Amino acid sequence: FEFTGELETNKWMHFVHPEDLDRTLKHWKISIENGIPFEVEHRLKRKNGIYEWHLTRGRADVGSNGLIKRWYGTCTNTEEQIILSQELSTAHLTVELERQKFETLFHGAPAAMAILKGPNFVFERVNTEFSTIFLNRELVGQPLAHAIPEFIQRSDLLEKIKEVFNTGVSYSVKEMKSILS
């Protein structure tokens, strides 16, 4: 009564959204003809005229003679879940688009860039420019000291990398002399 404003429960089909009615009636017909559980997601009209999504389920109470005595049903309002699910899907799509933008910018940058992770400075990502400097070296997944031992020999550079890691303050250079083996 609170949702539809209707006391008679046998008029439930009048509250099903017109676009969902045929599908709902088809499932209901199969259920009553075969005595199998009924389950359908559809929109039901509130007493204020607004439709909201519901999960409606029904089960037959079968007598000892095998005949259906009555049906028991539930109607669960799923509107909020559906809205949250749609918002979550939109958020996932937004994150994926932003990730793609980042990848495009990162790999297309005209400067050598790498992302190092953790106190061992493990290469998480390197862009194309960075890779071309260190041809034939497997960098991603390797600690800096193992992947590019020449950097470790430069204590000034190693200290700068540690400072960035500890403070979060970025550091950039335009040019750096280094001997690569």
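1. The accessible surface of the protein comes to about 13,300 Å², and 55% of it belongs to carbon and sulfur atoms; areas come from the Shrake-Rupley method with a 1.4 Å probe, and for residues only the protein chains shown count as cover. Of the 181 residues in the protein, 23% are buried, where buried means under 20% relative accessible area, exposed means over 50%, and partly exposed lies in between (1.4 Å probe, protein chains only).

2. Please keep in mind that this is a predicted model, in which local features need pLDDT of at least 70 and side-chain atom pairs count only at pLDDT 80 or more, while totals for chains, interfaces and linings use all residues. Residues are numbered from 1 along each chain as its sequence is written, and side-chain values use heavy atoms, with hydrogens and water left out.

3. The protein has six helices and five strands, which are DSSP runs numbered from the N terminus (helices H or I, at least four residues; strands E, at least two). Read from the N terminus on, the order of the elements is α-β-β-β-α-β-β-α-α-α-α. The radius of gyration is 32 Å, well over the 16 Å that the globule rule gives for 181 residues, so the protein is more spread out than a compact globule; the radius is taken over C-alpha atoms, and the rule is 2.2 Å times the number of residues to the power 0.38. Along the principal axes, the C-alpha atoms fill a box of roughly 90 × 40 × 30 Å.

4. Contact here means heavy atoms within 4.5 Å. Among the contacts in the protein with a separation of 6 or more, 30% are between residues 24 or more positions apart.

5. Strand β1 (residues 38–45) pairs with strand β2 (residues 51–62) in the antiparallel sense over eight bridges, the criterion for pairing being that DSSP finds at least two bridges between two strands. The two strands form a hairpin with five residues between them, and Gly49 in the turn has a positive phi of about 90°. Within this pairing, His42 stands opposite His54 in β2.

6. The β1 and β2 strands are also linked through side chains, since Glu39 lies in β1 and Arg57 in β2, so that the pair ties together parts that are 18 residues apart in sequence.

7. The structure holds 14 salt bridges, including one between Arg23 and Asp20, whose closest N and O atoms are 3.4 Å apart. Arg23 and Asp20 both lie in helix α1 (residues 18–34), three residues apart, which is about one turn of the helix. Asp20 is buried, with a relative accessible area of 3%, whereas Arg23 is partly exposed at 34%. A further salt bridge joins Lys69 and Asp61 (3.9 Å, N to O), and Lys69 is exposed, with a relative accessible area of 53%. Salt bridges that share partners join Glu19, Asp20, Arg23 and Arg43 into one network.

8. Where does Thr78 lie, and which residues does Thr78 touch? Thr78 is placed in the loop between β3 (68–77) and α2 (79–108), and is buried, with a relative accessible area of 7%. Leaving aside residues up to four places away in sequence, Thr78 touches Glu41, Trp53, His54 and Leu55.

9. The structure holds six aromatic pairs, for which rings of Phe, Tyr and Trp (its six-membered ring) must have centres within 6.5 Å, planes under 30 degrees apart counting as stacked, over 60 as edge-to-face and the rest as tilted. Phe123 and Phe130 form a tilted pair, 5.8 Å centre to centre with 55° between the planes, and both of these residues are buried. Phe130 also pairs with Phe134, the centres lying 5.2 Å apart and the planes at 40°, so this pair is tilted. Phe130 has a relative accessible area of 9%, and Phe134 counts as buried at 5% relative accessibility. Elsewhere, Trp28, Phe38 and Trp71 form one aromatic cluster.

Terms used:
Salt bridge = Lys/Arg side-chain N within 4 Å of Asp/Glu carboxyl O.
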